[in-house]
Amino acid sequence: MTTTHAHVVSVLDEPTAHDTRSPAAREVAPHIDDEVRARFLTPEDPDWTNDGAVNCVTGHISGLTYSSGPGAYHIILHNGSADDLGVMSVPELPETAGAVFTYLPAGASVDLPTAEFHALQTERVDGRPVLVGQIVESGSGENEPEFTLDGPAAGEVDWDERDPDARFWRPGDVDFGVPQTPAFVFADPMAHGVHQTRVGGEVAIHNRGDGPIAVLTVGADGPRDLVVAEPGHSVPVPPGDQVCYVQAPRTDCCPTLLGVLWFADGESMPTSLPIPDRRDHLDHHYLTPWSADWDCGYPEQFHLDAEADGVTYQYRTGADTMTIRNTGDATIAVIYNCGEDRAVAEIAPRGKRTFPVCADADTGQVFSVVGQRVDSRPGRAATLDSAGMVIPGTTGQPGTPTNYGSVVIMLGTVVYSAIPKKNLYLAWSDRRRWLRLPHH
């Protein structure tokens, strides 16, 4: 294998099977009544024109997280604030026709329709729409969506409402804002599945671990927000000069820090507690085109049984897409061509991802399916020296790569496959058979 350039794409195509939302959050009523429509900007309003929203004012949003949904370019928004939200989704800019309104009550979650642009809003004020942010989705699916939010100012957030169980370090705690340094416990962000991405200058923090995390933002004017992210959720960070403390729940009552981000004049500044980026995250868990062992690692790989682990592909001769499914219990990754580069995409348990195929390409298009590394060495958490200075930790040593094999497509035909094929009929038949099985 030779070293190549590589893209880093969206971490998960589908969420994990386990849903951390409450039943109320999972069951947002699809019907939008007249009372709700009167509170928000909707496609029928005169304030929605060919130029977008007019007669509007700006507001603030807090407590917002998101996760990936089934299929490409699909976003699930989670509203952790005390305010109801409305979303105007525009299929394709610069046109505003075909916009769809989605209602997102406080404490609920909702699947957004596939669209290029989403405008976020809170309730009207004096009859005028209040815009609080926007989401721009990647047209190619190669990147995270770009969130641009107007976050809360200091003093606008009810900290007890944000963290009623006092799991995280925040204003109101006896060890917050004290002259002496709190008794911090430092933990390895990589071991907790935490990493960051930066798209279009906007930063998001992703929780791919097994437990909740929280992001506390503090500006020059004081603490601004605390956003809790459940496993599989991501936190879009509002722009501005601020420090973000990324935390795990307290350890023996002590604040537990995973890392710190510091932003000044729109730039990310170096810190002694860095948060790994997407490339670091993928490299730690899988063999990737930018891994140190990419060139020489093949003889050291463990070969896994795709059929036993529920890894299959679906492709119809001459089609311009192919789908890889993961019905197993562990996340997998696919390395594939994306233009002139190599890209890496993860697929969660019981998830799938559809990849583009050039049906008339006369060279092989390779889709390599890899499993998670084994026998990785744990990292060392940061520590404090006797003078109270932070000694940075390490992220550990990636373990031995694993792989399931590849699918190679040329001229619209599969010319090689080490992955079992499951066509649409068989997948549908298996589903029907599963539904007929008695459940105890």
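**Exercise 1. Contacts of M322**

Task: In this predicted model, which residues is M322 in contact with, leaving aside its neighbours within four places in sequence?

Solution. 
Step 1. Set aside the neighbours within four places in sequence, then list the residues in contact with M322: Y313, Q314, Y315, R353, T354, F355, V357, F367, V407 and I409.
Step 2. M322 belongs to the largest nonpolar core, which has 22 residues. M322, I324, F355 and F367 touch the most other members of this core.

**Exercise 2. Strands and cores**

Solution. 
Step 1. Name the strands. Strand 23 (311–314), strand 24 (321–326) and strand 25 (332–338) are among those that each supply at least two residues. So are strand 26 (341–347), strand 28 (365–374) and strand 31 (400–410).
Step 2. Pick the main contributor. Strand 25 gives the most, with four residues.
Step 3. Look beyond this core. A second, separate core has 18 residues, including A108, L120, F147 and L149.

**Exercise 3. Two ring pairs**

Task: The structure holds 10 aromatic pairs. What kind of pair do W169 and F184 form, and what kind do Y336 and F367 form?

Solution. 
Step 1. Recall that a pair of rings is described by the distance of the centres and the angle of the planes.
Step 2. Take W169 and F184. Their ring centres are 5.1 Å apart, and their planes stand at 85°. Angles over 60 degrees count as edge-to-face, so this pair is edge-to-face.
Step 3. Locate the two residues. W169 and F184 both lie in the loop between helix 3 (159–162) and strand 13 (185–186), 15 residues apart. Both W169 and F184 are buried.
Step 4. Take Y336 and F367. Their ring centres are 6.4 Å apart, with planes at 10°. Angles under 30 degrees count as stacked, so this pair is stacked.
Step 5. Locate this pair too. Y336 is in strand 25 and F367 is in strand 28, 31 residues apart. Both Y336 and F367 are buried.

**Exercise 4. Helix 4**

Task: Why is helix 4 (residues 278–285) largely enclosed by the rest of the structure?

Solution. 
Step 1. List the buried residues of helix 4: R278, H281, L282, D283, H284 and H285.
Step 2. Draw the conclusion. Six of the eight residues are buried, so helix 4 is largely enclosed.
Step 3. Check the N-terminal end. D277 caps helix 4 there, with a side-chain oxygen 3.2 Å from the backbone nitrogen of R279.

Technical notes:
Residues are numbered from 1 along each chain as its sequence is written. This is a predicted model: local features need pLDDT of at least 70, side-chain atom pairs count only at pLDDT 80 or more; totals for chains, interfaces and linings use all residues. Side-chain values use heavy atoms; hydrogens and water are left out. A nonpolar core is a set of buried Ala, Val, Leu, Ile, Met, Phe, Trp, Tyr and Cys residues joined through side-chain atoms within 4.5 Å. Buried means under 20% relative accessible area, exposed over 50%, partly exposed in between (1.4 Å probe, protein chains only). Contact means heavy atoms within 4.5 Å. A polar contact is a pair of N or O atoms within 3.5 Å; within protein, one must be able to donate a hydrogen and the other to accept it, and residues adjacent in sequence count only if both atoms are side-chain atoms. Rings of Phe, Tyr and Trp (its six-membered ring) pair if their centres lie within 6.5 Å; planes under 30 degrees apart count as stacked, over 60 as edge-to-face and the rest as tilted.
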